Amino acid sequence: MTIPTSAPVLVIGAGIMGAGIAQVAAQSGHPVFLFDTREGAAATARDKLGATLQSLVAKGRLEAAAAEAALARVQPVGTLAEAASAALVVEAIVENLEAKRGLFRELEGVVAQDAVLATNTSSISVTAIANGLKHPGRLVGMHFFNPVPLMKLVEVVSGLATDCAVADAVFKLARAWGKVPVHARSTPGFIVNRIARPYYAETLQLLLERAAEPAVLDACLRAAGFRMGPCELMDLIGHDTNFSVTCSVYEANFQDKRYVPSLVQREMVDGGLLGRKSGQGFYRYAEGAGVPALTAFEPAAAPAAQEVVLHGQGPLADRLATALSGRSFERDAGSGWTGLSVDGAVLRLTDGRTATAQGADVAVFDLPLHPGPGGGEPGMALAYAVSDRISPAWAEAAPLWLRAAGFHAQKVADAPGLVVARTIAMLINEASDAVHQGVCDEAGADAAMKLGVNYPAGPFEWLARWDAAAVIDLLDALDASYRGERYRVSPGLRRRG
Ligand code: NAI
């Protein structure tokens, strides 16, 4: 089964998503019918599309003739019957199960029996939308991301009844539209909205525990390669939207504690602190403020010490060695952990246990994840924490060693797995669970997270660079610390350890 790019497409819902889908379909060569129940909405969307295409021409990104031809292909219609020749219908109406079901039932009486029906739903089960249709096999999810013309990812979502040939045809079509399609099974949140939950949830948990300020958490995750930290990103998305997606994934999973929403976010929603759109979220935007910068990084010389041992091997150990240049030290490459012991005190990479659980003069630091050697260029923010029983001398010296190695050491509370390590471990765990449950394959999960939410790498790419046993140990340590369902290791990940 193939849907040619000359086939008529009907887009229903001329809102933000429908307009974008109509643009992409028209630019790919399809005649496009655009329908919306709101009086004049389809015509307005077409006018706006004309302006958008003209601005692309002005920027030299589109030929004038191509813009004109694309716009000419878009025809607002006042009734569904006028679009009866459509070979593909893409629905982007209000996010409501009954509205979508009713629309598709109506469409069965309008379009040909072999026309493909696609829904752009972001949170409703494709299986549930298809229930009650005469031919449920032809209904498939075609989940675009906003803004549609720019975002490459399309999740092609199969419900219980979806015909494989239909999913494959939509997959091929999305590719012809210049998108990167990924197959997904209809499960709560599909791929991106499910796997991304821990990116917000771990930061919200740390905020709940008052482990660090939002600006510190954001800086640490930006240093790990994310374009935006979780707090600034939640402020941009809007806390109402983000909270409602979290609640829907939580409810749809029968209140699995892994997805439990955060009190921190609910309080912000209750208080009207919705983020950028309301002028304040974690940060204030009203006076042109925004995310406060950290204090500037100042390199430090490593403190004086009698006996220093560098533990571990690899890029991180090599980077720590830079702090030791010009002085004599021992190297224990086979000790099984990475860090320094300095006159009996310890500074080590987190393994998920708190510093306090490991002794008195212990400091732990976060996973330096930046793709640069051993954690990126000097000045990258990196969280560290110290034992509750640390001596004043080591409390002062430990961050100096990190600074001497070029890390912009950020003190946070002694929370298990610190900031980046626990977040990445949970993202890997969620992705492993999705694959374990057949929601998508590993390549699909990686592509979806890189293209749908601009992650610097996919969860399985992180896993390949880290180590499954270490990720499992870290999650088990979190599980031991919090005791609940949230940090349980996916059987799919456990099997790799
Ligand atoms: P929107 O509110 O901008 O547009 C929805 C449009 O559908 C409105 O113009 C409305 O008049 C029209 N409409 C409502 N009921 C209708 C019906 N029965 N028949 C015809 N037209 C109808 O909403 P938006 O953001 O474009 O979302 C549309 C769909 O896309 C939803 O299912 C949403 O969950 C999904 N989605 C939204 C994303 C986003 O970032 N906004 C991302 C991915 C999916």
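Sorted by type, the shell around the ligand comes out as eight nonpolar, eight polar and four charged residues. Here Ala, Val, Leu, Ile, Met, Phe, Trp, Tyr, Cys and Pro count as nonpolar, Asp, Glu, Lys and Arg as charged, and the others, Gly among them, as polar. Keep in mind that this is a predicted model, where local features need pLDDT of at least 70, side-chain atom pairs count only at pLDDT 80 or more, and totals for chains, interfaces and linings use all residues. Residues are numbered from 1 along each chain as its sequence is written, and side-chain values use heavy atoms, with hydrogens and water left out.

**Who surrounds the ligand**
- The ligand has 20 residues around it, and the closest are Met17, Asp36, Arg38, Glu95 and Lys100 (a residue is near if one of its heavy atoms lies within 4 Å).

**Polar contacts** (pairs of N or O atoms within 3.5 Å)
- Lys100 brings a side-chain N or O atom to 2.8 Å from a ligand oxygen.
- Ser122 also uses a side-chain N or O atom, 3.0 Å from an oxygen atom of the ligand.
- Thr37 works through its backbone instead: an N or O atom there lies 3.3 Å from a ligand nitrogen.
- As for cover, the protein hides 73% of the 830 Å² of accessible area that the ligand has on its own (Shrake-Rupley method, 1.4 Å probe).

**Domains** (bounds from an automatic or database domain assignment)
- The chain splits into domain 1 (9-186), domain 2 (192-294 + 419-497) and domain 3 (308-411).
- Going by C-alpha atoms, the centres of domain 1 and domain 3 are 52 Å apart.

Technical notes: A polar contact is a pair of N or O atoms within 3.5 Å; within protein, one must be able to donate a hydrogen and the other to accept it, and residues adjacent in sequence count only if both atoms are side-chain atoms.
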